[in-house]
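Please keep the model open as you read.

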Amino acid sequence: MNQPTDIRRALALRLRHGDVFRVLDAYACIGGATAGYRRAFGPNCHVTGVDIQAQPDYCGDTFHRGDAVEFIRAHGHEFDFIHASPPCQGEGAPTKGTNKARNAAIGRTYPRLIVPTRAALEATGRPYVIENVPGSEVRKDIRLCGEQFGLAVLMHRYFELGGWTTAQPAHPRHRGYVRGCRHGIWRDGPYVAAYGKGGGKATVAEIREAKRIDWSTDHLRLREALPPAYTEWIGRAFLAAHTPVLGVAA
């Protein structure tokens, strides 16, 4: 999708004049993505989170509990920039093999939400980002990793960019293993496993430190949250992409 010229110009004017910059964080969880965009876009950034579940620890400005796709369809055009992180349980490679069969056997199903989310986002005409895991259906425009930001978690994630582009940053070599037990072998390393429990998986305190999230102590939500450093990078890249339109230095 190409962002319409009039929307692009209007966005540039909003940024130039310091108007409130409205961001929607869809499937927001506790707001890991929200925190990063607020850092990138500055004090005039107002972020609305939407999630199907109640999120008492959400860190943004406004929260709406409800279906993210329906909210984007109804209100997406009201925002300047939209981020979406559809739940990865139905998207990534692990749920497409034996785990998928196991989940079906116990009656657990996960919706595939990337395609309907993309369709809703494209209909808004607004610039957007869709984030998800390796093996998902997101277009692999950008890949980010915790090592790029000096984090103690790897957490590779892909980002599909709608209505704008930026260059892939360098992916530095990993410094070692993720700490924990796998296939009966224990390994130490500079990274923690911020998923699951047992086998050396990260504690609440370790996830908070590794992802640099200090506003929640909910183990499950912390595991699901994006490190804010990822979306801070995305937001700054988006601003840099609009610099020629703004006519100012990056």
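**Strand pairing**

Strand β4 pairs with strand β5 (residues 128-132) in the parallel sense, over three bridges. Strands here are DSSP E runs of at least two residues, helices are H or I runs of at least four, and both are numbered from the N terminus. Two strands pair if DSSP finds at least two bridges between them. This is a predicted model, where local features need pLDDT of at least 70, side-chain atom pairs count only at pLDDT 80 or more, and totals for chains, interfaces and linings use all residues. Residues are numbered from 1 along each chain as its sequence is written, and side-chain values use heavy atoms, leaving out hydrogens and water.

**Around β4**

- Alanine 84 has isoleucine 130 in β5 as its bridge partner.
- Strand β1 (residues 21-26) also pairs with β4 in the parallel sense, over four bridges.
- Leucine 24 has isoleucine 82 in β4 as its bridge partner.
- In β4 (residues 81-84), Phe81 and His83 point one way, and Ile82 and Ala84 point the other way.
- All of them are buried (under 20% relative accessible area, 1.4 Å probe, protein chains only).

**Helices α2 and α8**

- Helix α2 (residues 32-41) packs on helix α8 (residues 228-241) at about 40°, with the axes 7 Å apart.
- The contact residues divide into 10 nonpolar, four polar and three charged.

Definitions and conventions. Axes are lines fitted to C-alpha atoms, for helices over the stretch in contact, and angles run from 0 to 180 degrees between N-to-C directions. Ala, Val, Leu, Ile, Met, Phe, Trp, Tyr, Cys and Pro count as nonpolar, Asp, Glu, Lys and Arg as charged, and the others, Gly among them, as polar. Buried means under 20% relative accessible area, exposed over 50%, partly exposed in between (1.4 Å probe, protein chains only).
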